[in-house]
Amino acid sequence: MKTSTTSLILLVCFSLLVASSLAQPQYQIDATQNTQKPPSTNFLSFLPFPSPRTIPTQTHRMKTITTSILLVCFSLLVASSLAQPQNQIDALMEFYNSTNGQHWTNNANWGNGLPCPNRWYGLTCEIDGTITVVNLFDNNLVGSIPESFGQISSLRQVFLNSNTIYGSIPQSFSNLTSLTDLNLYSNTLTGSFPEILFNLTSLQSLDISYNSLAGQLPDKFDSFTSLT
């Protein structure tokens, strides 16, 4: 969606710039018209182009129009690049509510406008508005991680260690295929080792120790060849 919106903006801006560049200034149109002018004592009136004072004015207007188009296009591109998909915003807010966000140690700007432009605490974004990191370690999170968390598929690092997160790791974590670091150390997570983590083939660092997970590690744990 973001790519198609950006492409549309670029196409519209390009069309406007081409139309602007092809528009013939009025002084050139006047100069090509074979109109009869009354006799004048000013010798410039006999020349087939306007006086020197006219040309700079027309040129300045064209430059002003082009500059305005470029500024509008730049503003639209910036706004488009910083826009987050609504489903990711909804997922973040569900996570906030599910972990008692009102009582986090630091919940600065959460729920205020868009996550990246408004710098929601604990989030790191790329310049194009892609959310890549959720870092809320030791921040008094109390509750469970909702399934919708997996919709933030651009995440590369998740640090939720040293909180009071209970329940199981959502199945939707299997969607976080770009994840390289996952730290859920020192919470109260329950259940067996979440085999959905085997889908995270980019994972380099995993810490789910000091929870209430039960059972043995699966034999295919060795498939985590990327772990350091």
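Q: In this predicted model, in which sense do β1 and strand β2 (residues 131–135) pair?
A: Strand β2 covers residues 131–135 and is joined to β1 over three bridges. The sense in which β1 and β2 pair is antiparallel.

Q: Which are the edge strands of the open sheet that five strands form?
A: The five strands follow the order β1-β2-β4-β6-β8, with mixed pairing. From one strand to the next, the twist averages 15°. An edge strand here pairs on one side only, and the two that do so are β1 (123–125) and β8 (205–207).

Q: Which residue in β7 stands opposite Tyr-166?
A: Strand β5 (residues 164–167) runs parallel to strand β3 (residues 142–143), joined by two bridges, and Val-142 has Thr-164 in β5 as its bridge partner. Two bridges also join β5 to strand β7 (residues 188–191), again in parallel. In β7, the residue opposite Tyr-166 is Thr-188.

Q: Is Leu-227 buried, partly exposed or exposed?
A: Leu-227 lies in the segment after β9 (212–213). The relative accessibility of Leu-227 is 24%. Buried requires under 20% and exposed over 50%, so at 24% Leu-227 counts as partly exposed.

Q: What distance separates the C-alpha atoms of Leu-227 and Gln-204?
A: Leu-227 belongs to the segment after β9. Along the chain, Leu-227 and Gln-204 are 23 residues apart.

Conventions: Residues are numbered from 1 along each chain as its sequence is written. This is a predicted model: local features need pLDDT of at least 70, side-chain atom pairs count only at pLDDT 80 or more; totals for chains, interfaces and linings use all residues. Side-chain values use heavy atoms; hydrogens and water are left out. Two strands pair if DSSP finds at least two bridges between them. Helices (H or I, at least four residues) and strands (E, at least two) are DSSP runs, numbered from the N terminus. Axes are lines fitted to C-alpha atoms, for helices over the stretch in contact, and angles run from 0 to 180 degrees between N-to-C directions. Buried means under 20% relative accessible area, exposed over 50%, partly exposed in between (1.4 Å probe, protein chains only).
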